[in-house]
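Work through the exercises below with the sequence and the model open beside you, and try each task before reading its solution.

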Amino acid sequence: MMGTGLDQSRARHVAIIMDGNGRWAKKRALPRAVGHQRGVEAVRRLVRALEGTGLECLTLYAFSSENWKRPDEEVDDLMNLMRRFIKSDLPEFVANDVKLKIIGDWQSLAPDIVAMLEDALAQTAKGRQTLAVALNYGGQHEIARAAAKAAGKGEVTIETIAAELDTADLPPLDLLIRTSGEVRLSNFLLWQAAYAEMLFVDTLWPDFEPEHLARALDDFARRERRYGGR
């Protein structure tokens, strides 16, 4: 997607590793579940502000394939939060012309969640801006699945693998943000991040506001992207 003539100073696709819910709660002597609830509120604020960002796609790392290692109670809390979020926010997605996309092995989640997601995907299919949510997602697994599909169809190349990725129908990733001060990718969008700009911020996810995203987009616009050239 290099050399397409598109405005390279404008981000079309931003992804966020939403980190810091637990630490936000711990700092306030609150249960981790409260941190996750406040994290959902941060998602809601960001989605409501999408219209003014100029973004075509925002991708959020909601639940990784490694998150199953967390205590059962915390996993249950996260799944129940997901159910409530879909029920409460789906009408707003439709009204605001937001298209939902799910990446990862989401169809292996609980049957009722899968059914809710399928309904949400159908109801929002014609939205103009895309919110992609990574559920039961791992970047290494995604690449392995894509390579296997490519091999089943013929020659395995960069192009044939890319065509089988979960994100094949999305714009190339421009900017990847991680909150909470951690500086690692945590198995998120490993292929897509090959030439993406990176931004690591100290803000804990529940405190992340649309203004933080706006500043990140301004920072991106000032960067010079060389894609390995000079």
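**Salt bridges in a predicted model**

Lys 101 is buried, its relative accessible area being 15%. The model examined here is a predicted one.

**Exercise 1.** Find which side chain meets Lys 101 in a salt bridge, and state where the two partners lie.

*Solution.* Begin with the contact itself: Lys 101 and Asp 169 meet through their side chains in a salt bridge, at 3.1 Å from N to O. Finally, compare the accessibility with the cut-offs, under 20% for buried and over 50% for exposed: Lys 101, at 15%, is buried, whereas Asp 169, at 52%, is exposed.

**Exercise 2.** Determine which parts of the chain the salt bridge between Glu 182 and Arg 23 ties together.

*Solution.* First, note that the closest N and O atoms of Glu 182 and Arg 23 are 3.1 Å apart. Then locate each residue: because Glu 182 lies in the loop between strand E5 (175–178) and strand E6 (197–200) and Arg 23 lies in helix H1 (residues 21–27), the pair ties together parts that are 159 residues apart in sequence. As for accessibility, Glu 182 is partly exposed at 21%, and Arg 23 is partly exposed at 32%.

Definitions and conventions: Residues are numbered from 1 along each chain as its sequence is written. This is a predicted model: local features need pLDDT of at least 70, side-chain atom pairs count only at pLDDT 80 or more; totals for chains, interfaces and linings use all residues. Side-chain values use heavy atoms; hydrogens and water are left out. A salt bridge is a side-chain nitrogen of Lys or Arg within 4 Å of a carboxyl oxygen of Asp or Glu. Helices (H or I, at least four residues) and strands (E, at least two) are DSSP runs, numbered from the N terminus. Buried means under 20% relative accessible area, exposed over 50%, partly exposed in between (1.4 Å probe, protein chains only).
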